[in-house]
Amino acid sequence: MTGLTLLYEQSGFPIFQNRMYESATEARACPRGDIRLVQDGASGLVYNAAFCSELMNYDTAYQNEQAHSPMFKSHLNEVAAIVQRHLGNDELVEVGCGKAYFLELLQSRGCSIVGFDPTYEGENPAVRRHYFGDGAPVSAKGIVLRHVLEHVQNPVGFLDGLRESNGGGLIYIEVPCFDWIVQARAWFDIFYEHVNYFRLGDFSRMFGRVVESGHLFGDQYLYVVADLATLRPPEARPRDSVVFPADFLETANLTPSDREGGSTAVWGAASKGVIYALLRERCGRPVNALIDINPAKCGKYVPTTGLRVISPEEAMATLLPGSDICVMNSNYLEEIRAITKDNFNLIGVDCG
């Protein structure tokens, strides 16, 4: 493997698919960027070569909290157990803690932890409203990095900065799994905010010592617990080459009558739902209803399409019983079936 291999291209994607807007007009006028997904022949890493970090300015209008879901809370408890088993309970740091649900979960389990995130809106004194490294130095016995590394333009350089700041220690890293995206043909899971797309093997090449690794959340996520002091530049091997499917976008172009999953009502107004709605609109088959359980999203508008997000209660009041609802993440099918009292035909988009 040498040079860059082009895998996938798109144009005019929202740079923040989880930023909410107060009007449809403002949402449709959102800043946009392009996708040029490549694999680097030297490192084997996959990233968006068209990404521009200068465009990324996270603030409190960014809403990506998933912990309103009991299913996701169960996932976070599983993650917390892994963190405590390897990193312990004392002097932890969470870099990119978001709205601090996971940080507060660890606190409730007896952990002492400090978090960093400029999008934080609460009052927890353990959270610093800035990026890690922008303020006074903090030394940690263990670092938690959940769904952050996919947003960082130079992931190895970023990890090296953590290593230098902290002098080593164990780190827990969790990111979306690129192998799952490819195998599931999850075209709605590639977007501008995620500049990097990782496979489990990438981390075995990045670190000399990986303590534990595996997959979570129905294989959609992967995780590693690694010794930060053993970080090294990854070197690609022939077997690391990505085989990207030629039919990756096939289901985006089908009409509702062509297959299950073509419903115009969609449950999930986060990353998957926003990109799904965008590409369906470009195919001339737009989404009409976008539903989400997160109250911070309801009544607001999503970027590019300008769709208004409605609550489950509004959806049940306006959709006819038996209507198809396209569920963006099949992990939530049973939870949504319970919320809607089994009044709709739920279709998992990522079920193949």
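Predicted model: local features only at pLDDT ≥ 70, side-chain atom pairs only at ≥ 80, totals over all residues.
Local features were taken only at pLDDT of at least 70 and side-chain atom pairs only at pLDDT 80 or more, while totals for chains, interfaces and linings use all residues. Residues are numbered from 1 along each chain as its sequence is written, and side-chain values use heavy atoms, with hydrogens and water left out.

Two loop positions were examined. Thr 304 sits in the loop that runs between strand E13 (289–291) and strand E14 (309–310). Helices (H or I, at least four residues) and strands (E, at least two) are DSSP runs, numbered from the N terminus. Thr 304 is buried, because its relative accessibility is 4%. Buried means under 20% relative accessible area, exposed over 50%, and partly exposed in between (1.4 Å probe, protein chains only). Leaving aside residues up to four places away in sequence, Thr 304 contacts Gly 12, Pro 14, Ala 27, Arg 28, Cys 30, Arg 32 and Leu 278. A contact requires heavy atoms within 4.5 Å.

Asn 57 occupies the loop between strand E3 (46–48) and helix H2 (70–87). Its relative accessibility is 56%, so Asn 57 counts as exposed. Asn 57 and Asp 40 are 17 residues apart along the chain, and their C-alpha atoms are separated by 26 Å.

Charged pairs were then considered. Side chains of opposite charge can pair when their charged atoms come close. The structure contains 16 salt bridges. A salt bridge places a side-chain nitrogen of Lys or Arg within 4 Å of a carboxyl oxygen of Asp or Glu.

One of these joins Glu 174 and Arg 146, at 3.6 Å from N to O. The pair links distant parts of the chain: Glu 174 belongs to strand E8 (residues 170–176) and Arg 146 to strand E7 (residues 142–146), 28 residues apart. Glu 174 is buried, because its relative accessible area is 0%. Arg 146 is also buried, at 12% relative accessibility.

Another salt bridge forms within a helix. Asp 160 pairs with Arg 163, and their closest N and O atoms are 2.4 Å apart. The two residues are three apart in helix H4 (residues 155–166), so about one helical turn separates them. Asp 160 is partly exposed, with a relative accessible area of 25%. Arg 163 is partly exposed at 26% relative accessibility.

Arg 237 and Asp 240 form a further salt bridge, with closest N and O atoms 2.9 Å apart. This pair belongs to one network, in which salt bridges that share partners join Arg 199, Asp 202, Arg 205, Arg 237 and Asp 240. Arg 237 is partly exposed, with a relative accessible area of 25%, whereas Asp 240 is buried at 6% relative accessibility.
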